[in-house]
Amino acid sequence: MNLDASAKAPWHLWAVGVVTLLWNAIGGFSYTMTRLGMLEQLGMGEAEVAFFESAPTWSNTFWALGVWGAIAGSLLILLRSRFAVHAVIIAIIGLVGSNTWQYAIADVPESLQNPALTIMIWVTTLFMLWYAIRMRSQGVLR
């Protein structure tokens with residue numbers, strides 16, 4: 001374990017930070033467009049819009065935690081902050097809550113069912129957590 005505060009950032013920190021930020025920005029865009037009521041501009045029809053409008057406040061809160069926690073995690077990795085770990089944990093809490101509504105409670109229109117996307121979001125977020133913990137333990141995140 002290298003706890004030297006001056007530990008140099010490895011090249012992959014920038015790659016992971018930028019790639020995950022771009023990936024998570026897609027979620028931020030989707031969340032923002034949904035909350036602004038601009039789903040038709042994304043090509044969604046009545047069934048999809050009705051589904052998102054039927055979401056309870058608690059599920060939207062978890063969705064916000066997931067999206068903005070992941071974006072914050074990416075930014076904090078780029079800033080070499082140890083708080084990246086906390087931000088990604090918040091994102092995971094958000095994922096658990098929003099996925100609970102999506103997969104256990106809601107009647108999701110077939111056009112919005114995309115298990116592969118959900119798996120990719122989970123893989124990316126869990127990778128970010130692993131990476132942030134590893135970089136923190138090596139003294140790269142301060």
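The two of them go through the fold, then the helix packing, then the pocket.

Modeller: Happy to! Keep in mind that this is a predicted model.

Biologist: Let me start with the overall fold. How many helices and strands does the protein have?

Modeller: There are five helices and zero strands. Read from the N terminus on, the order of elements is α-α-α-α-α. As for dimensions, the C-alpha trace spans about 55 × 30 × 25 Å along its principal axes.

Biologist: Now the packing. How are two packed helices described?

Modeller: By the angle between their axes and the distance between the axes. Take α3 and α4 here: their axes cross at roughly 150° and come within 7 Å. That makes α3 roughly antiparallel to α4, since angles over 145 degrees count as such. The crossing of these two helices is left-handed.

Biologist: Which residues of α3 and α4 make the contact?

Modeller: On the α3 side they include Trp58, Phe62, Trp63, Gly66, Gly69 and Gly73. From α4, Ala87, Ala91, Gly94, Gly97 and Trp101 are among them. Sorted by class, the contact of α3 with α4 has 17 nonpolar, seven polar and no charged residues.

Biologist: And at what angle do α3 and α5 pack?

Modeller: At about 30°, with their axes 11 Å apart. Angles under 35 degrees count as roughly parallel, so α3 and α5 are roughly parallel to each other. This pair also has a left-handed crossing. If you want to find the contact on your screen, look for Ala70, Gly73, Ser74 and Ile77 in α3, which meet Met128, Tyr131 and Ala132 in α5. That contact has five nonpolar, two polar and no charged residues.

Biologist: What is the lining made of by class?

Modeller: The lining of the largest pocket has 17 nonpolar and 16 polar residues, with no charged ones.

Note on methods. Residues are numbered from 1 along each chain as its sequence is written. This is a predicted model: local features need pLDDT of at least 70, side-chain atom pairs count only at pLDDT 80 or more; totals for chains, interfaces and linings use all residues. Side-chain values use heavy atoms; hydrogens and water are left out. Ala, Val, Leu, Ile, Met, Phe, Trp, Tyr, Cys and Pro count as nonpolar, Asp, Glu, Lys and Arg as charged, and the others, Gly among them, as polar. Axes are lines fitted to C-alpha atoms, for helices over the stretch in contact, and angles run from 0 to 180 degrees between N-to-C directions. Helices (H or I, at least four residues) and strands (E, at least two) are DSSP runs, numbered from the N terminus. Angles under 35 degrees count as roughly parallel, over 145 as roughly antiparallel, 65 to 115 as roughly perpendicular and the rest as oblique. A crossing is left-handed if the near helix is turned anticlockwise from the far one by less than a right angle, and right-handed if clockwise. Contact means heavy atoms within 4.5 Å.
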